[in-house]
Amino acid sequence: MVSSSRQPADVGQPPRRLIVGITGATGVIYGVRLLQLLRDLPGVETHLMISDAGVLNLHQELDMRRKQVEALAHVVHNVRDVGAAIASGSFQSEGMIIAPCSMKTLASVANGLSDNLIARAADVVLKERRRLVLMVRETPFNLAHLRNMTSVTEMGGIIFPPLPGFYHRPQSIAEMVDHTLGRVLDLFAIQHTLTPRWQGMKAD
């Protein structure tokens, strides 16, 4: 199933496509906020997949339903549709962000299982040498988690645990989330004003 709810802003050139996966780890706020930030950027087109466990966490953590989140994306893909356009290397994209990324999804990506469309799309991004960012969420890590993160890193992926910074003195959860997502957008050279740039340590 592929459904298109909105069209990206027309800037006279092909859109920059970003694939977004939301899986069953805590921290679905990162995926939802990412979609909110990207939806109105000119020339950006988002392709979204949500796993079944991700849907459960949307309800548990944000009191949101699948359809509410899907409405934030330009294109929605069924996580079971491994024949979707994004499952092919011929699909042109800037890359993919899995926010949050469960340990199960991490393991699938690390071992090339392609057992659902999220893992397959990530596999395609890696094989085509595009940017893959996994916002992995678990604590503490066991040895299997660490080895899987090493494997993905060796394949060219970026492991990005959503760990908040405090040097900018955030006043809310929303500020912490935006600061982290600002760093993620930096990895794709997407301009933003989510958080002040570091200017160095304060003088006494």
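1. Let's start with arginine 66: its relative accessibility is 30%, so it counts as partly exposed. Keep in mind that we're looking at a predicted model. Arginine 66 pairs up with aspartate 52 in a salt bridge, and their closest N and O atoms are 3.9 Å apart. Aspartate 52 sits in helix H2 and arginine 66 in helix H3 (residues 66-70), so this bridge ties together parts 14 residues apart in sequence. Aspartate 52 is partly exposed too, because its relative accessibility is 39%.

2. Next, have a look at lysine 127 and glutamate 128. They form a salt bridge with 2.7 Å between the closest N and O atoms. Lysine 127 is partly exposed at 40% relative accessible area, and glutamate 128 is partly exposed at 31%. Elsewhere, salt bridges with shared partners join Asp52, Arg66, Lys67, Glu70 and Arg80 into one network. The whole structure has 12 salt bridges.

3. Now for helix packing. H1 (residues 28-39) and H2 (residues 52-62) have axes 9 Å apart, at an angle of about 95°, so the two helices are roughly perpendicular. On the H1 side, Val28, Ile29 and Val32 make the contact; H2 brings Gly54, Asn57, Leu58, Glu61 and Leu62. Sorted by class, that contact has 5 nonpolar, 2 polar and 1 charged residues.

4. Finally, compare H4 (residues 103-110) with H5 (residues 117-127): their axes come within 9 Å and cross at roughly 45°, which makes H4 oblique to H5. The crossing is right-handed. Thr105, Ser108 and Val109 of H4 touch Ile118, Ala119, Ala122 and Leu126 of H5. Here the classes are 5 nonpolar, 2 polar and no charged residues.

Technical notes:
Residues are numbered from 1 along each chain as its sequence is written. This is a predicted model: local features need pLDDT of at least 70, side-chain atom pairs count only at pLDDT 80 or more; totals for chains, interfaces and linings use all residues. Side-chain values use heavy atoms; hydrogens and water are left out. Axes are lines fitted to C-alpha atoms, for helices over the stretch in contact, and angles run from 0 to 180 degrees between N-to-C directions. Helices (H or I, at least four residues) and strands (E, at least two) are DSSP runs, numbered from the N terminus. Angles under 35 degrees count as roughly parallel, over 145 as roughly antiparallel, 65 to 115 as roughly perpendicular and the rest as oblique. Contact means heavy atoms within 4.5 Å. Ala, Val, Leu, Ile, Met, Phe, Trp, Tyr, Cys and Pro count as nonpolar, Asp, Glu, Lys and Arg as charged, and the others, Gly among them, as polar. A crossing is left-handed if the near helix is turned anticlockwise from the far one by less than a right angle, and right-handed if clockwise. A salt bridge is a side-chain nitrogen of Lys or Arg within 4 Å of a carboxyl oxygen of Asp or Glu. Buried means under 20% relative accessible area, exposed over 50%, partly exposed in between (1.4 Å probe, protein chains only).
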